[in-house]
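The text below goes through how two parts of one chain meet, and then turns to a single side chain in another chain. Please keep the structure in view while reading.

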Number of protein chains: 2
Amino acid sequence: MSEPSTVTDAADPRLSDYTDLTDVELRRRREPAEGLFIAEGEKVIRRALAAGFRMRSMLLTAKWLGVMGDVIAETDAPVHLVEPALAERVTGYHVHRGALASMERKPLPSAAEVLDGARRVAVLEGLVDHTNLGAIFRSAAALGMDAVLLSPDCADPLYRRAVKTSMGAVFSVPYARLDPWPDSLAAVREAGFELLALTPSGAEDFTVAKSHLLDKAALMLGAEGDGLTPKALAAADQRVRIPMAHGIDSLNVGAAAAIAFYAVNHG
Amino acid sequence: MSEPSTVTDAADPRLSDYTDLTDVELRRRREPAEGLFIAEGEKVIRRALAAGFRMRSMLLTAKWLGVMGDVIAETDAPVHLVEPALAERVTGYHVHRGALASMERKPLPSAAEVLDGARRVAVLEGLVDHTNLGAIFRSAAALGMDAVLLSPDCADPLYRRAVKTSMGAVFSVPYARLDPWPDSLAAVREAGFELLALTPSGAEDFTVAKSHLLDKAALMLGAEGDGLTPKALAAADQRVRIPMAHGIDSLNVGAAAAIAFYAVNHG
């Protein structure tokens, strides 16, 4: 049981986990270095706790005390009660969802660990957009993907916007980094996976509809716009295509991922 | 051939089509009332012109004069040359894409007109989010949907953000309003379409994979969160389900639409 304490000074060191949340560049460096991430809103905070993340502290406005009462009753983490205006001054934005939690990161598993027992994995290259990354995790969870593997230059799935867009799916879908890239794709192949590169152009081996016939499939997706790099395409076993209407250049990467995740599980 | 003229005053009436672009509420009322919409960025402007929309005027910063040179050579519409700071003062935001065009709306076709000859249509209810709406149009174009029908409370596909997210697909995919709602769904059925309501919960008739067997299919999708209303569900012929992993409540509506559009065309 934590006793909420009122904080009235934006410079209070107890609020330091929550400062400058709109400064993406700063937070991208700070959060992994300090071993924390920010969960925003009741649902996401509850999902982070349910996934076993430890809470460092919570920042609330008064009207969320009741809603979060059971969480407060069960945590030893400090709970900071602030006025909405102070929340905005500290974080840099109007906190619509009224509740923020600073959570402790867990050590990332290795690629070998997340591949163990998996049959359907997504491999993402160069996904730097947090919204797209979060959307892909949300689809991966809903459509039964077992894990996500990330190239070293992909964005951080625990960055606030990715967490929010994923609806907390970044907590439930196991993920790991593949480093060095793309050489470590060999380890995915050695684990028994067929590496399928999703690409709208170039020579294609088959449409995505046939991917569900494979015992173990790794679906490789590149960033919006450029898609997979030539070296990633070269490292794949096959190129896979979503049939598209005449004259259209591409789908949004989140839409392409959703279709591929559906097709690799259901044909 | 239009001769670009330099404008230096934010209050110049020649710029009035471009004022307060960040005020969504205002622009939502103003643009349909004045018969205009805003196309943003080179690609989208070119696609609007290619789709036969008439240009009212264009607003450019100097570095875009070259890129848009051929467009300027072919138009009679006035071209307003402004400094980046003035563009920001007029529109309310930093215009990254450097080129805006005010385009003239065309009269919307009737539902009967867009259904004529169509075999695959999307029916959207209560889609008020411009990003989701634009993403759905983009997927509809890429995945070969013939038309989109909108409930009266759906957002405007020609609102700037929807246009941008759609990558201009709102210009190429025919759409119409269905009014009164949901009674006018009867006209879709009378045109030979099976009305398939996409819903994650409740009694389901079949998974989306079987929808490609239908001669004419209308895929009904509701808004993020609440989904289709009970009255829309009641008006459908069948309920259709995307198979989802255990314990996940739903997909993002854009992801669900992409999967449904894919499945209704390819199984």
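A polar contact is a pair of N or O atoms within 3.5 Å; within protein, one of the two must be able to donate a hydrogen and the other to accept it, and residues adjacent in sequence count only if both atoms are side-chain atoms. The model is a predicted one. With that criterion, 4 residue pairs are in polar contact between domain 1 and domain 2 of chain A, both residues being at pLDDT 80 or more.

Which elements of domain 1 of chain A give two or more residues to the side that touches domain 2 of chain A? They are α1 (24-34), β2 (36-40) and α2 (42-50) of chain A. Of these, α1(A) supplies the largest share, 5 residues. Sorted by class, this side of domain 1 of chain A has 10 nonpolar residues, 6 charged residues and 1 polar residue.

The two domains themselves are residues 5-104 for domain 1 and residues 111-266 for domain 2 of chain A. Their centres, taken over C-alpha atoms, are separated by 31 Å. In the contact between them, 17 residues of domain 1 of chain A meet 10 residues of domain 2 of chain A.

The size of an interface is often given as the accessible area lost when the parts come together. Between domain 1 and domain 2 of chain A, the buried area is about 1,200 Å², and carbon and sulfur atoms give 64% of this area. The count of salt bridges between these two domains of chain A is 2. In a salt bridge formed by Lys164(A) with Glu40(A), the closest N and O atoms are 3.6 Å apart.

The unreviewed UniProt entry places "domain: RNA 2-O ribose methyltransferase substrate binding" on residues 38-109 of chain A. In the model, that span is 32% helix and 25% strand, and its end C-alpha atoms lie 20 Å apart.

In chain B, consider one residue of a loop. Thr19(B) sits in the loop between β1 (5-6) and α1 (24-34) of chain B. What does the side chain of Thr19(B) reach at 3.1 Å? It is the backbone oxygen of Ser16(B). The side chain of Thr19(B) also makes a polar contact, at 3.0 Å, with the side chain of Arg30(B). Leaving aside residues up to four places away in sequence, Thr19(B) touches Arg27(B), Arg30(B) and Val90(B).

Note on methods:
Residues numbered from 1 in each chain as written. Chains lettered and ligands numbered in written order. Predicted model: local features only at pLDDT ≥ 70, side-chain atom pairs only at ≥ 80, totals over all residues. Heavy atoms only, no water. UniProt positions renumbered as here; feature names shortened; annotations may be inferred. Helix = DSSP H or I, 4+ residues; strand = E, 2+ residues; numbered from the N terminus. Domains from an automatic or database assignment. Contact = heavy atoms within 4.5 Å. Buried area = accessible area lost by both parts, 1.4 Å probe. Salt bridge = Lys/Arg side-chain N within 4 Å of Asp/Glu carboxyl O. Nonpolar A, V, L, I, M, F, W, Y, C, P; charged D, E, K, R; others polar.
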